[in-house]
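Please walk through this protein with the model open beside the text.

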Amino acid sequence: MNESKRKSPKSPPKTEDSLLSKSEKSDYEGLNFDKLFHATISQLCNWLSPGALMMSFADWLIYLLFSPAQRVDLNKNALKKLGQFLLYVQLQSQDKCEPCIEVRQTDHRFQNEAWSQFPFNIYSQSFLLTEEWWDNATTQLRGVSKHHENIVNFVTRQILDIFAPSNIPGMNPEIIAASINEQGMNFINGWNNFIDDIIRYLNNKPPAGSEQYKVGTNLAVTPGKVIYRNNLIELIQYEPTTATVHPEPILIIPAWIMKYYILDLSPNNSMVKFLVDKGHTVFMISWKNPTSEDRDLDFSDYAIHGVMDALNAINQIIPEEKIHTVGYCIGGTLLTMVAAKMAAKNDDRLKTMTLFAAQTDFQDAGELQLFIDENQLTYIEDIMWEKGYLEGSQMAGAFSMLRSIDLIWSRVVYDYLLGKRQKVSDLMAWDYDTTRMPYKMHSEYLRRLFLNNDLVEGRFKILDENINLADITVPIFSVSTIKDHIAPWKSVYKIHYFTDSDITFVLTNAGHNTGIINEPGDPGRSYQMLTHKLDDKHLAPEVWLERAPHFKDSWWPAWEKWLKEHSGPKKKPPALGNPEKDLRPICDAPGTYVLKK
């Protein structure tokens with residue numbers, strides 16, 4: 001295709017000062033100073049914009065000030081809760097004393113039986129009642145914009161979590177018991193853990209325990225070769241393990257917000273190995289971790305030099321065969337864009353499309369919407385401006401805040417107050433191996449998708465051509481997860497409304513990553529699955545949830561069966577690469593791009 005001949009992107013030359021007038025130069029320098037200032041203060045508040053926070057709390061406080069009846073109701077509510085709490089304290093001597101408020105199943109801080117004993121139940125109940133009151137105070141005020149309300153509620157929860165009794169040594173029964181049993185050594189060990197973490201952070205080393213995992217040694221070890229490389233991707237072709245394979249190859253497009261080997265972790269939970277052992281020829285894109293030189297990479301670059309170049313390379317190795325495509329998270333969003341563009345040009349090389357936790361409609365895009373408004377996006381762009389990319393640590397910090405109880409405070413208690421170390425899994429080690437996001441692409445991603453929802457509105461362009469998702473007609477297998485706080489399943493489900501395809505939709509019982517890395521054999525796995533034919537009526541998500549059959553174990557076998565049904569009879573495996581087309585094996589998998597920090 002002509003687009004594949006597009007030159008590899010390079011940063012445009014910087015504007016020369018000599019070309020600017022004095023007034024333009026003054027404005028330019030002033031703007032740069034503001035950007036530099038925002039980038040500097042981001043070190044203190046991560047990527048939360050102080051302006052967005054102040055406007056949100058101002059909105060909330062102003063409406064609270066001018067809502068006297070609401071304030072009276074909140075005061076009544078506070079007195080009611082105080083009365084409930086005092087009665088609970090008074091009835092402690094009776095066996096049938098019911099708690100004032102139940103602990104949420106998702107809140108693991110107070111699940112230990114010791115929290116139901118005096119005086120620890122007093123601590124937990126007072127905190128939970130206070131937490132509930134503040135939740136009412138920040139979410140039930142008429143007139144406040146929904147976005148500002150969500151920010152105020154979120155920040156208030158973050159502040160309250162700091163003062164949870166589970167974080168205070170003298171109030172946490174588990175810490176008290178450990179201190180008695182270990183004669184205080186838990187605090188000594190915790191201090192050593194804290195110092196070790198500080199040293200690792202300052203020296204840019206991975207967290208303790210993750211050093212046991214190494215890419216190419218015990219992670220990403222499925223045999224294969226890098227058979228194509230450009231300045232954005234390495235394309236890996238995996239070696240066959242069966243005498244015959246299905247003729248249609250599989251191209252996997254991971255998200256570039258993560259390292260690709262989440263889909264090729266240890267041999268026991270590697271999706272790549274699972275597919276290869278089932279007789280599929282698998283190709284994987286390994287994205288380059290961008291640097292300052294890549295600041296001007298955009299979605300068109302990722303589409304053309306990523307997906308299209310990979311498809312073209314595969315066609316040179318396995319000609320005249322259509323390709324099963326798989327996209328994960330933002331990689332899945334990109335895949336839908338490319339599929340729509342190809343369909344509009346009557347390019348029918350795609351056999352099927354599989355989407356893992358991938359959104360197309362970003363109207364209800366989960367808790368990340370907290371960070372999406374004009375003020376916040378300008379702030380993030382200024383953070384990226386100096387270096388030309390967004391640090392992986394800044395993205396990881398935002399994701400950690402979304403689940404601060406599990407990802408921040410539980411670790412503080414376990415590592416520093418109990419003095420233990422959590423066993424690091426291969427998935428956790430992968431999670432620590434962060435990537436960066438180039439300036440232009442990330443700004444485009446946040447503004448045009450999250451803020452403006454251009455993709456489903458028909459305004460998103462690849463190479464200046466609008467994309468229409470309705471052009472997609474290939475069969476789709478879409479997977480979402482019930483606990484996904486990044487790509488909520490009801491948002492992922494909307495793919496039903498925008499394409500003219502048969503869609504098999506799967507909802508699995510885990511989170512954004514654990515629901516996808518869902519290897520067979522775990523007794524806790526389960527999922528629902530239902531196929532929507534093009535002639536069927538669309539089901540609302542709630543109706544789908546009621547009608548979709550439940551299944552035990554992993555969804556991987558069901559997906560592989562679906563792939564097999566859309567594949568031809570097996571035949572001899574293709575060669576690795578094609579020297580005649582200048583696609584010789586360059587190096588062994590996992591390649592070089594994945595190793596770059």
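Start on the surface. Trp 191, Phe 194, Ile 195, Ile 198, Ile 199, Tyr 201 and Leu 202 form a nonpolar patch there, and together they have about 760 Å² of accessible area. Such areas come from the Shrake-Rupley method with a 1.4 Å probe, and for residues only the protein chains shown count as cover. Patch residues must have over 30% relative accessible area and no salt bridge; nonpolar side chains (Val, Leu, Ile, Met, Phe, Trp, Tyr) are joined within 5 Å, like charges within 9 Å. A salt bridge here is a side-chain nitrogen of Lys or Arg within 4 Å of a carboxyl oxygen of Asp or Glu.

Leu 202 sits in helix α7, residues 185–202. Leu 202 counts as exposed because its relative accessibility is 65%. The classes are buried (under 20% relative accessible area), exposed (over 50%) and partly exposed (in between), with a 1.4 Å probe and protein chains only. In general, nonpolar side chains tend to be buried together in soluble globular proteins.

A word on the basis. This is a predicted model, in which local features need pLDDT of at least 70 and side-chain atom pairs count only at pLDDT 80 or more, while totals for chains, interfaces and linings use all residues. Residues are numbered from 1 along each chain as its sequence is written, and side-chain values use heavy atoms, with hydrogens and water left out.

Now the whole protein. It has 19 helices and 15 strands. These are DSSP runs numbered from the N terminus: helices are H or I with at least four residues, strands are E with at least two. Of the 597 residues, 52% are buried. The protein exposes about 28500 Å², and carbon and sulfur atoms supply 55% of that area. Among contacts (heavy atoms within 4.5 Å) between residues at least 6 apart in sequence, 81% join residues at least 24 apart.

Go inside next. A nonpolar core is a set of buried Ala, Val, Leu, Ile, Met, Phe, Trp, Tyr and Cys residues joined through side-chain atoms within 4.5 Å. The largest has 113 residues; Leu 235, Leu 251, Phe 299, Leu 334, Tyr 445, Trp 555 and Trp 559 touch the most other members. Helix α9, residues 299–317, gives the most to this core, with 11 residues. A second, separate core of 13 residues includes Cys 97, Ile 101, Phe 110 and Phe 120.

What about the cysteines? A disulfide is a covalent bond between the sulfur atoms of two cysteines. The test used is a pair of cysteine sulfur atoms within 2.5 Å, and the count comes to zero disulfides. Cys 100 counts as partly exposed because its relative accessibility is 23%. Cys 587 is also partly exposed, at 22%.

Finish with the backbone. Most residues other than glycine have a negative phi, and most peptide bonds are trans. The bond from Phe 118 to Pro 119 is cis, with omega near 0 degrees. Pro 119 lies in the loop between α3 (68–90) and α4 (120–139). The bond from Ala 589 to Pro 590 is cis too, with omega near 15 degrees. Pro 590 lies in the segment after β15 (587–588).

Cys 329 has a positive phi, near 55 degrees. It lies in the loop between β5 (323–328) and α10 (330–344), and it is buried at 12% relative accessible area. Ala 357 has a positive phi near 45 degrees. Its loop runs between β6 (350–356) and α11 (374–387). Ala 357 counts as buried, since its relative accessibility is 1%.
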